[in-house]
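Here are a few friendly notes to read alongside the model. Have a look at the side chains as you go.

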Amino acid sequence: MERVIDLDQAAAVIAKGVPRWLAAGLKVGQVTWRDATALWPQQVETDRALVRDPDSVGVLISGPADAELSVVLFRGGWADVDYIDGLDDGGPIPAFGINSAAAFDTQLDQWVARVFGNLGKK
C-alpha cells in the first residue's frame, strides 16, 4: 500500500481533539493500530510500540443517545468512517483523498460535527 499519510502525525491529530471532545461530554476510545507486516488475521493493537509498520490508525468516539463515530485511517489516504446517530441515521461516510495530517484534521472535525454537532472552535 502506498504511503500517502504519516499515521503517527494522524494519531497526533486525534490526540489533539481528545480534550475538546471530552469537554463536550463525548467518550473517546483508545487509538488503535494495525501492522502491515503482521500475519493474517492482523491484530489491532493499542500500543504503538507493538506496531512496526502501521497501515492504519483508528478511534471510536461515543456520545449521547448511543451516537458513535468510528474512524480508521489508512496510510494510502482513505478512511473507513462509520457512524450511528440514534435509531434513524447512520452508515458509512465517504472518505478518500486524505493526503496529509492537516487534511485528516479537517475531515475529522467535519465527521465529528456531523455526528455530534458543532463542538465549538479548536
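Is Arg48 buried, exposed or partly exposed? Arg48 counts as partly exposed, at 27% relative accessibility. Please keep in mind that this is a predicted model.

1. Next, have a look at Asp53. Its side chain meets that of Arg3 in a salt bridge with an N to O distance of 2.6 Å. Here again distant parts of the chain are linked, 50 residues apart: Asp53 belongs to the loop between strand S3 (44-45) and strand S4 (54-62), and Arg3 to the segment before helix H1 (7-23). Asp53 counts as buried because its relative accessibility, 17%, is under the 20% cut-off. Arg3, on the other hand, is exposed, at 54%. A network of salt bridges links Arg3, Asp53 and Arg75.

2. Asp55 and Arg34 form another salt bridge, with 2.8 Å between the closest N and O atoms. Asp55 is in strand S4 and Arg34 in strand S2 (residues 32-35), so the pair links distant parts of the chain, 21 residues apart. Asp55 is buried, with a relative accessible area of 5%, while Arg34 is partly exposed at 21%. In total, the structure holds six salt bridges.

3. Now for the rings: there are two aromatic pairs in the structure. Phe74 and Trp78 are stacked, with 5.4 Å from centre to centre and 20° between the planes. Phe74 is buried, at 8% relative accessible area, and Trp78 is partly exposed, at 35%. The other pair, Phe104 and Trp111, is edge-to-face because the planes stand at 65°, with the ring centres 6.3 Å apart. Both Phe104 and Trp111 are buried.

4. Finally, a look at Ala102, which is found in helix H2 (residues 101-116). Ala102 counts as exposed, with 53% relative accessibility.

Note on methods: Residues numbered from 1 in each chain as written. Predicted model: local features only at pLDDT ≥ 70, side-chain atom pairs only at ≥ 80, totals over all residues. Heavy atoms only, no water. Phe/Tyr/Trp six-rings, centres within 6.5 Å; stacked < 30°, edge-to-face > 60°. Buried < 20%, exposed > 50% of the residue type's maximum accessible area, 1.4 Å probe, protein only. Helix = DSSP H or I, 4+ residues; strand = E, 2+ residues; numbered from the N terminus. Salt bridge = Lys/Arg side-chain N within 4 Å of Asp/Glu carboxyl O.
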